[in-house]
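Trainee: I would like to go through this model with you, one question at a time. Where do we begin?

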Amino acid sequence: MLKYTDSGVYRFLDTMENTIYIGSAKNIQRRLNSHFGGKQGHLGKSVYSQVARVEICKCADYPTALALEQYLINKYKP
């Protein structure tokens, strides 16, 4: 499992490399555990069943992660 516990942005991709979801967190490991732990997160089972890969972008701090998240949302329009 992921051991990165600092700020960053994550992107869920399907098998065709389409972006399904983009999020940011102060602690990436904890946030992804909330998505994929025993009780799945807020997105719904149909979204999680489409996820083939999770891409992580590490950031120096949380404000940088928020800015990158907004940029990626505008770029990929999940």
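This is a predicted model: local features need pLDDT of at least 70, side-chain atom pairs count only at pLDDT 80 or more; totals for chains, interfaces and linings use all residues.

Trainee: Where does D14 lie relative to the strands?

Mentor: Strand β1 covers 8-13 and strand β2 covers 19-25. D14 belongs to the loop between β1 and β2.

Trainee: Is D14 buried or exposed?

Mentor: Buried means under 20% relative accessible area. The relative accessible area of D14 is 14%, so D14 is buried.

Trainee: What separates the C-alpha atoms of D14 and Q50?

Mentor: Q50 is among the residues that D14 touches. Along the chain the two are 36 residues apart, but the distance between their C-alpha atoms is 5.5 Å.

Trainee: What share of the contacts between residues at least 6 apart in sequence joins residues at least 24 apart?

Mentor: A contact here means heavy atoms within 4.5 Å. Of the contacts in the protein chain between residues at least 6 apart, those joining residues at least 24 apart make up 55%.

Trainee: In what pattern do the helices and strands follow one another?

Mentor: The protein chain has three helices and three strands. Along the sequence their pattern is β-β-α-α-β-α.

Trainee: Why is the protein chain said to be as compact as a globular protein of that length?

Mentor: For 78 residues the globule rule gives 12 Å. The protein chain is as compact as a globular protein of that length because its radius of gyration is close to that value, at 12 Å.

Trainee: How many disulfides does the structure hold?

Mentor: A disulfide needs two cysteine sulfur atoms within 2.5 Å. The count for this structure is zero. For C57, which is in no disulfide, the nearest cysteine sulfur is that of C59, at 6.7 Å.

Trainee: Is C59 buried or exposed?

Mentor: C57 is partly exposed, with a relative accessible area of 25%. C59 has 11% relative accessibility, which is under the 20% limit. C59 therefore counts as buried.

Trainee: How far apart are the mean positions of the positive and negative charges?

Mentor: The protein chain has 11 positive and 6 negative charges. Their mean positions are separated by 6 Å.

How values were computed. Residues are numbered from 1 along each chain as its sequence is written. Side-chain values use heavy atoms; hydrogens and water are left out. Helices (H or I, at least four residues) and strands (E, at least two) are DSSP runs, numbered from the N terminus. The radius of gyration is taken over C-alpha atoms; the globule rule is 2.2 Å times the number of residues to the power 0.38. Lys and Arg count as positive and Asp and Glu as negative; His and the chain ends are not counted. The place of a charge is taken as NZ of Lys, CZ of Arg, CG of Asp or CD of Glu. Buried means under 20% relative accessible area, exposed over 50%, partly exposed in between (1.4 Å probe, protein chains only). Lists of a residue's contacts leave out its neighbours within four places in sequence.
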